[in-house]
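Student: I am new to reading protein models. Can we go through one together, feature by feature?

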Amino acid sequence: MPNSSEGRPIAALFFGYFFYVGIFSPYLSLYFSAQKFAVAEIAFLLSLTSVLRIFGPYVWGQLADHLQRPERLVQWAAFLMIPLTAALNYGNLFGDAFINYAIILMLLFFVSSAFGPIGESLAVGVTGSDQGRYGRLRSFGSIGYIVAVLAMGPILDSVGILSLPWWLLSASVILFCISLTLPRSTSNALSHMEPIVAVLRRPAVVAFFGSAFLMVFAHFSLYTFYSLHLEKLGFTKTEIGLLWGAGVVAEIVLFYVQHLFFKRYSLQHLALFSFVIAAIRFALIGGVGDSTVALVFVQLLHAVTFALHHSASVALLRTWFVPAQQARAQALYIVIAYGLGGTLGSLVLAVLWEKVSPAAVFYGAAVASLLGFAFMYYSNLCSANESIEGKQL
C-alpha cells in the first residue's frame, strides 16, 4: 500500500473501480453476443462508454475543481451505479432490448465517468511529481482489474455469461462502500477556478491531445473486439480471461518499476516509445492467429502501450496545468482520448471487422498508433521550441 494514510483510500478506490471495469470490459461483449445482438449492435452499445466520455468527465472535472468536496461527488456516483447496474438484469424484459440497454448504459457510463478525472486528480494531489509513488498508487487499479478478470473467466464458464449483471451489481456495492472511506478534501487548489484556455492553445498541448486520441482509438480494437476475436479463434472464456490477465500483470509490474525509466528518460521519449510498441503490438495481434505463445507475448506489451503511456501522459499534464486545473485537465484527456477516440475507434473498427476481416481491425489499430507517434513527435518539437523561446526572453 502507499506509505501515506491519505493515499490508501485512493488506492482502494482505484482497486474498486477497476475491479468493476474488469468484470464488464472483457465480458460485456460476450454477454450481448449471448443476447443475440449483431456485432455492429455490440460495437454501438460498447461505444456508448466513449460517447458519454465526450462530455461526462468534463462535467465531473468542472465540479471537482469548483467544489470543496470532490470526494462527495465520487460517493454519489458510486451510489447511483448500484441501481443502474441492477437495471442490466432487466434490459430484455420489455420493449426493444437494444434500446433499453442503450439507455441503461448511457446513464451508467455517465455516472461512472466521474471516477477517471476525480480519481486521477486526487492521486496527483497526493503524489505530486513522485512518479514512483504515483505508479504504486495507480497499480491498485490494475490489481483490482486482474482479480476481476481472472476470477470471472472460470465463474462465467461454470454458471453462464447471462449471470454477468449480478456480478457487476456486487462489484458496484463494493465500490460504494470503498467510496465512503475517502477522507474530506483539504486542497486549497479547489477554492477557485483558473482559466485553462491559454494552455489549451499551445501547439504542444494540442498535438499531445491528438496523439492521445489516436492511442486510445487504437486500443479500442482491444476493448471492443479482442474478446470476440479470441472467441472466434476458439478460446474459452477462462483462456480469454487469462490472456487479459497477462497484460494486466505486465501493467502492474511496470507501474511498480516505472520510476527507474522516468529517472533516466524524458516524458516525451517514453511517450514516443509507447507508440512504437503499440504499432508492433496491434500488427502482431492481427497476424499471429491462434498462437497462444505469441498472443501472451503481445499482451505483455500492454505494460508499455497502456501503463507507460498513461503515466507519461498524466505527468505531462501535470507539467502544463497548475493544481487548480488538474481535474479539468484530466477530464479533457479522458474526453478527447477515451471519449472521442474510443467512440470513433469502436465504430470505425467495426466497419473493418464486418467489411474486411477481424484481423483488419488490429492492422487498422497499428496504423493509428503510427499516426499517434507523428502527433507526439510534433508535440515534442513544439515543447522544445517553446523552451528555447522562453530562455531567449
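Student: Which residues in α5 are buried?

Tutor: Start with the ground rules. This is a predicted model, where local features need pLDDT of at least 70, side-chain atom pairs count only at pLDDT 80 or more, and totals for chains, interfaces and linings use all residues. Residues are numbered from 1 along each chain as its sequence is written, and side-chain values use heavy atoms, with hydrogens and water left out. Buried means under 20% relative accessible area, exposed means over 50%, and partly exposed lies in between (1.4 Å probe, protein chains only). In α5, the buried residues are Phe98, Asn100, Tyr101, Ala102, Ile104, Leu105, Leu108, Phe109, Val111 and Ser112.

Student: What counts as a helix?

Tutor: Helices are DSSP runs of H or I with at least four residues, numbered from the N terminus. An α-helix has 3.6 residues a turn, so residues three or four places apart point the same way. The expected span is 1.5 Å times one less than the number of residues. Helix α5 covers residues 97-112, which is 16 residues. From first C-alpha to last, α5 reaches 22 Å, close to the expected 22 Å.

Student: What happens at the start of α5?

Tutor: A side-chain oxygen of aspartate 96 comes to within 2.9 Å of the backbone nitrogen of phenylalanine 98.

Student: What is a polar contact?

Tutor: A polar contact is a pair of N or O atoms within 3.5 Å. Within protein, one atom must be able to donate a hydrogen and the other to accept it. Residues adjacent in sequence count only if both atoms are side-chain atoms. Take serine 311, in helix α14. Its side chain makes a polar contact with the side chain of glutamine 258, at 2.7 Å. Serine 311 counts as buried, at 0% relative accessibility.

Student: How is a pair of packed helices described?

Tutor: By the angle between their axes and the distance between the axes. Axes are lines fitted to C-alpha atoms, for helices over the stretch in contact, and angles run from 0 to 180 degrees between N-to-C directions. Helix α1 (residues 7-34) packs on helix α11 (residues 237-264) at about 150°, with axes 11 Å apart. That makes α1 roughly antiparallel to α11. Angles over 145 degrees count as roughly antiparallel, under 35 as roughly parallel, 65 to 115 as roughly perpendicular, and the rest as oblique.

Student: In which hand does α1 cross α11?

Tutor: The crossing is right-handed. A crossing is right-handed if the near helix is turned clockwise from the far one by less than a right angle, and left-handed if anticlockwise.

Student: Which residues of α1 and α11 meet?

Tutor: Contact means heavy atoms within 4.5 Å. Pro26, Tyr27 and Leu30 in α1 meet Lys237, Ile240, Gly241 and Trp244 in α11.

Student: At what angle do α1 and α10 pack?

Tutor: At about 65°, with their axes 8 Å apart. α1 passes α10 in a right-handed crossing. Ser25, Pro26, Ser29 and Leu30 of α1 meet residues of α10 including Tyr223 and Ser227.

Student: How do α10 and α14 pack?

Tutor: Helix α10 (residues 203-232) and helix α14 (residues 302-320) pack at about 155°, with axes 12 Å apart. They are therefore roughly antiparallel to each other. α10 passes α14 in a left-handed crossing. The contact is made by residues including Phe208 and Met215 of α10, and His309 and Leu316 of α14.

Student: Is histidine 309 buried or exposed?

Tutor: Histidine 309 counts as buried, at 4% relative accessibility. Leaving out residues up to four places away in sequence, histidine 309 touches Met215, Ser274, Phe275, Val304 and Tyr333.

Student: Where is methionine 376?

Tutor: Methionine 376 is in helix α16 (residues 358-392). Methionine 376 is buried, with a relative accessible area of 1%. Methionine 376 and valine 205 are 171 residues apart in sequence and 9.7 Å apart in space, C-alpha to C-alpha.

Student: What is the phi of lysine 36?

Tutor: Most residues other than glycine have a negative phi. Lysine 36 has a positive phi of about 75°, although it is not a glycine. Lysine 36 lies in the loop between α1 and α2 (39-52). At 73% relative accessibility, lysine 36 counts as exposed.

Note on methods. Helix = DSSP H or I, 4+ residues; strand = E, 2+ residues; numbered from the N terminus.
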